[in-house]
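Dear colleague,

I am handing over the structure below, and after it I set out what was found in it. Please read the notes with the structure open beside them.

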Amino acid sequence: MRESSPLSRRALLGLAAAAVPLTATAPASAAGARSAGTRSVGTRSAGVVGGERLGLGGVQARAAGLPKKLTAQAWLVADRDTGEVLASYNAHRRLAPASTLKMLFADTVLPKFAPGQRYKVTDADLADIPSGSSLVGVQAGTTYTVEQLWQGVFLRSGNDAVHVLAHMNGGIARTVAEMQARAEYLHALDTHVVSPDGFDHKGQISSAYDLTLFARAGLTNADFRRHCGTRTADFPAGGRKTFQIQNTDRLLTGAWGLRPYPGMLGVKNGYTSHAGNTFTGAATRGGRTLLVTVMHPAEGSNAVYEQTAALLDWGFGAGRAAQPVGLLAAPGGPHPTHPTVSPLPTEHSAHASTTPPGPSTLRLAEGAAGTAALLGAGAWALLRRRRAATAGAPAEAAPTGRRRAREADGPAETVPQQGGGRRRARETPAEAAPQQPSQQPSQQSGRHRR
């Protein structure tokens, strides 16, 4: 470097300075998603989102009386209004979310279309649905209102309804990118979106903390609240015919030997053969609303609801005296890392864009990487001219500057091509899931259920 001029040094220092923020702000990698370690992997360098305690394995609580028979791999209890996390177990552990990921899909896409808007479904809208998906019975050639499509999403977890709405939104790839940006805006850094339907796609992960964030944000939308709390609806069957669909949330409707939970608002359940059972529920009692997320209990299909109900009972009882062990991050801005009160986000009106202001972290990183590459190329060209003029020898090609810029940017996350998830899903044999007693003929058997 003795041959280089001061200007060359400044250019190279600028390249280094441009590369440093990339490693400091890039979201945590989705590699090693289902790690069973005692330390959370859903963190940024500044600390654990929601508070350091939430990054620890095991039960985190500052009150007695927690239910004893909790077999879930992760769970969390939070106050919706204050954002205080009252108790948790492996809050940031990354696990397959199944159809609970549809909460993020709804939070991202639902405000974009008016409920009365009509849409005629085409074969292309249904062509990329993963084999074995749960379906509500959407038919190509039939016209549906947006309201009816969302009923299919919330009540029956219909992947056919999800894919139609995603195509209305500009396609699967665009919807996935918007969901990922929305997750970052909500500080849901454990979540990696591969498909909007929550199906078993490789690398599709979330956490109890993130799913609770999605539910909390979604419940600020009146249409979201109405849909997740709807018990039954009439769905088009072609022509003027309809058939009734029922909500698969057993704590909302009461089914399979369970009673409806008092004050239950929703929100979303999920099941796949890989993920097992997942559920995020919200209930109100005495003017207080609690959110509970339970992921992957060891027992059968009712366990996720029974453990959710037990945690709600604790939260409305002994949990009233609990000191918070963390908080739900408020949307936007720097994420908090210490347990303080996080106010409920302002309710956003339906049909208004919820795209977070400004570019996402990934877009900023990409821009910074491009800037770094240009700086590196300019600096190297200048250095070559200086050396050639000084030594009278031809400058040697050196591709290292461009390669280093890419290394600083880190491994890129790519949006999957349409149909890719379907191809991967077929690689694993489908497993039959328990049938609902009120199963519609249009509901496919297969590995994807609620």
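Predicted model: local features only at pLDDT ≥ 70, side-chain atom pairs only at ≥ 80, totals over all residues.

A search of the whole structure finds 9 salt bridges, a salt bridge being a side-chain nitrogen of Lys or Arg within 4 Å of a carboxyl oxygen of Asp or Glu. Residues are numbered from 1 along each chain as its sequence is written, and side-chain values use heavy atoms, with hydrogens and water left out.

One of the salt bridges joins Asp-79 to Arg-288, with the closest N and O atoms 3.0 Å apart. This pair links distant parts of the chain, since Asp-79 lies in strand S4 and Arg-288 in strand S12, 209 residues apart; helices (H or I, at least four residues) and strands (E, at least two) are DSSP runs, numbered from the N terminus. Asp-79 and Arg-288 are both buried, where buried means under 20% relative accessible area, exposed over 50%, and partly exposed in between (1.4 Å probe, protein chains only).

A second salt bridge is formed by Lys-112 and Glu-178, whose closest N and O atoms are 2.5 Å apart. This pair also links distant parts of the chain, 66 residues apart, with Lys-112 in the loop between helix H2 (102–109) and strand S6 (118–120) and Glu-178 in helix H5. Lys-112 is partly exposed, at a relative accessible area of 27%, whereas Glu-178 has 18% relative accessibility and therefore counts as buried. Lys-112 and Glu-178 also belong, together with Arg-174, to a network of salt bridges.

A further salt bridge brings together the side chains of Arg-226 and Asp-223 at 2.7 Å, N to O. Arg-226 and Asp-223 are separated by about one helical turn, because they are 3 residues apart in helix H7 (residues 222–228). Arg-226 is partly exposed, with a relative accessible area of 35%, while Asp-223 is buried at 11% relative accessibility.

As for the chain as a whole, the protein chain has 12 helices and 14 strands, and buried residues make up 54% of its 450 residues. Of the contacts in the chain with a separation of 6 or more, 69% are between residues 24 or more positions apart, contact meaning heavy atoms within 4.5 Å. The chain exposes about 19000 Å², of which carbon and sulfur atoms supply 54%; these accessible areas come from the Shrake-Rupley method with a 1.4 Å probe, and for residues only the protein chains shown count as cover.

Helix H9 deserves a separate paragraph. Because 11 of its 14 residues are buried, H9 is largely enclosed by the rest of the structure. Among the buried residues are Tyr-305, Leu-311, Leu-312, Trp-314 and Phe-316, and the elements that cover the buried part of H9 include strand S5 (84–89), helix H8 (250–253), strand S10 (264–272) and strand S11 (276–285). Ala-309 is placed in H9 and counts as buried at 15% relative accessibility. Leaving aside residues up to four places away in sequence, Ala-309 touches Leu-251 and Tyr-261.

H2 and H6 pack at an angle of about 35° with their axes 9 Å apart, the axes being lines fitted to C-alpha atoms (for helices over the stretch in contact) and the angles running from 0 to 180 degrees between N-to-C directions. Met-103, Leu-104 and Asp-107 in H2 meet Leu-211, Phe-214, Ala-215, Ala-217 and Gly-218 in H6.

Finally, there are two backbone angles to check. Most residues other than glycine have a negative phi. His-187, in the loop between helix H5 (172–185) and helix H6 (208–218), has a positive phi near 70°, and this residue is buried at 6% relative accessibility. His-296, found in the loop between S12 and H9, has a positive phi near 60°, and His-296 is likewise buried, with a relative accessible area of 9%.

With best regards
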